[in-house]
Amino acid sequence: MASQEVLHIDSHQVDAALDFAGAVEVLRNTLSSGFDPETDGVRTRSELRGGEFLFMPSQVGDYAGVKVLTATPDNPERGEPLIQGTCLLLDGTTHRTLATIDGVALTNLRTPAVSIAGVLPFARKRNSEGLSLVVFGNGVQAVPHIRAAHQNLPITRTSVIVRTPGRGDHVVDEARTHGIEVDQIVAGSSQATGAIQEAGLVVTATSASEPLFDASLIKDSACVVAMGSHSPDARELPGELLGRATVLVESMATAKAECGDVIQAVDEGHLTWGDVRTWAESLDVDAVASDAPVVFKSAGMSWEDIVTAAAIYEAVKSERG
């Protein structure tokens, strides 16, 4: 049998193939079609000289694959990225290699798409005439989350909250290149308090280990996405907020293993695991109470990469004819 072409899809092709709105649709359609995230592949880590490997395998529908990332702490001093990697996409039946896809570009598309997809119906219904967006953090996920929110929701004002003045200058500048104006606000200021109180959507994209704000600042109609901390002993949200909110997670197994925001809130008695709902059972706008905040705690799962990678592959293949 003649060998078949393996597509090599770089970051520019990823950006051109699928936007945030498209990625959100792919993720929600996968869940609505019956895929169960509890059956997802197990994410593992392995030591690497000067860093570590992260392996994220999954099989969904007609596709299988694995995203392999490396984290190299000394790279920023070398002028190289901290995180690098590739996604290997396979045929789900024959396991023939179909494509390699830039892993960082894939992650930067998938991660904010998951954040928005998790709260999309609630944020839309509760804010049909527009909503304010607040993003905590000035890291690599800040601008992608801002862009994803603007592509999917009627955002009227966008603020980024940083610890010290000027830390978010690059966020403001990069967002402007996409036609989005962002207010930079210092954490703990009266302006930050006002922005949080007004926000219809709050995204925490930090490496914080302690809560970033007081629970009382979040209004009952708000949606909050916590996606920055990924260990049982770290959290971005106060337990009191989760206690009065509808709490959604990607899977119960992942939440119990990695999601410190939920783990610590349960340990403190603000809620029980029986109160926590999965994203898959909360796709419809009427699935949650309308008189309380919605908190979506995301840790990132392998299936999300593979279905997004498959959509990118299909778009690139179609374009090439």
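A residue is termed buried when its relative accessible area is under 20%, exposed when it is over 50%, and partly exposed in between. Histidine 95 has a relative accessible area of 47%, so it is partly exposed. The structure described here is a predicted model.

Histidine 95 sits in the loop that runs between β5 (83-91) and β6 (97-102). Its backbone carries a phi near 65 degrees, which is a positive value in a residue other than glycine.

## Overall Form

The protein contains 11 helices and 14 strands. Its radius of gyration is 19 Å, close to the 20 Å given by the globule rule for 321 residues, and the protein is therefore as compact as a globular protein of that length. Along the principal axes, the C-alpha atoms fill a box of roughly 65 × 45 × 40 Å.

Of the 321 residues, 51% count as buried. Among contacts with a separation of 6 or more, 69% are made by residues 24 or more positions apart.

## Surface and Charge

The accessible surface of the protein amounts to about 14200 Å², and carbon and sulfur atoms account for 48% of that area.

## Aromatic Pairs

The structure holds 6 aromatic pairs. In one of them, the ring centres of tyrosine 63 and tyrosine 313 are 6.2 Å apart and the ring planes meet at 75 degrees; an angle over 60 degrees counts as edge-to-face, so this pair is edge-to-face. The pair links distant parts of the chain, since tyrosine 63 belongs to strand β4 (residues 63-71) and tyrosine 313 to helix α11 (residues 302-320), 250 residues apart.

Elsewhere, Phe35, Trp279, Phe296 and Trp303 form one aromatic cluster.

## Helix α5 and Its Cover

Helix α5 (residues 142-152) is mostly covered, with 8 of its 11 residues buried. The buried residues are Ala142, Val143, Pro144, His145, Ile146, Ala148, Ala149 and Asn152.

Helix α8 (residues 239-244) contains leucine 242. With a relative accessibility of 1%, leucine 242 counts as buried. Apart from neighbours within four places in sequence, leucine 242 is in contact with Leu237, Val247, Asp261, Val262, Ala265, Leu271 and Val295. Between leucine 242 and aspartate 286, the C-alpha to C-alpha distance is 19 Å, and the two are 44 residues apart in sequence.

Glycine 243 also has its place in helix α8. Its relative accessible area is 39%, so glycine 243 is partly exposed. The C-alpha atom of glycine 243 is separated by 8.9 Å from that of threonine 272, which is 29 residues apart from it along the chain.

## Tryptophan 273

Tryptophan 273 occupies the loop between α10 (260-267) and β13 (277-278). At a relative accessible area of 23%, tryptophan 273 is partly exposed.

Leaving aside neighbours within four places in sequence, the contacts of tryptophan 273 are Met252, Ala255, Lys256, Val262, Ile263 and Val266. One of these, alanine 255, has its C-alpha atom 9.7 Å from that of tryptophan 273, and the two residues are 18 residues apart along the chain.

Although glutamate 319 and alanine 17 are 302 residues apart along the chain, their C-alpha atoms are separated by 8.8 Å.

Definitions and conventions
Residues numbered from 1 in each chain as written. Predicted model: local features only at pLDDT ≥ 70, side-chain atom pairs only at ≥ 80, totals over all residues. Heavy atoms only, no water. Helix = DSSP H or I, 4+ residues; strand = E, 2+ residues; numbered from the N terminus. Rg over C-alpha atoms; globule rule 2.2 N^0.38 Å. Buried < 20%, exposed > 50% of the residue type's maximum accessible area, 1.4 Å probe, protein only. Contact = heavy atoms within 4.5 Å. Areas by Shrake-Rupley, 256 points an atom, 1.4 Å probe, with all protein chains shown as cover. Phe/Tyr/Trp six-rings, centres within 6.5 Å; stacked < 30°, edge-to-face > 60°.
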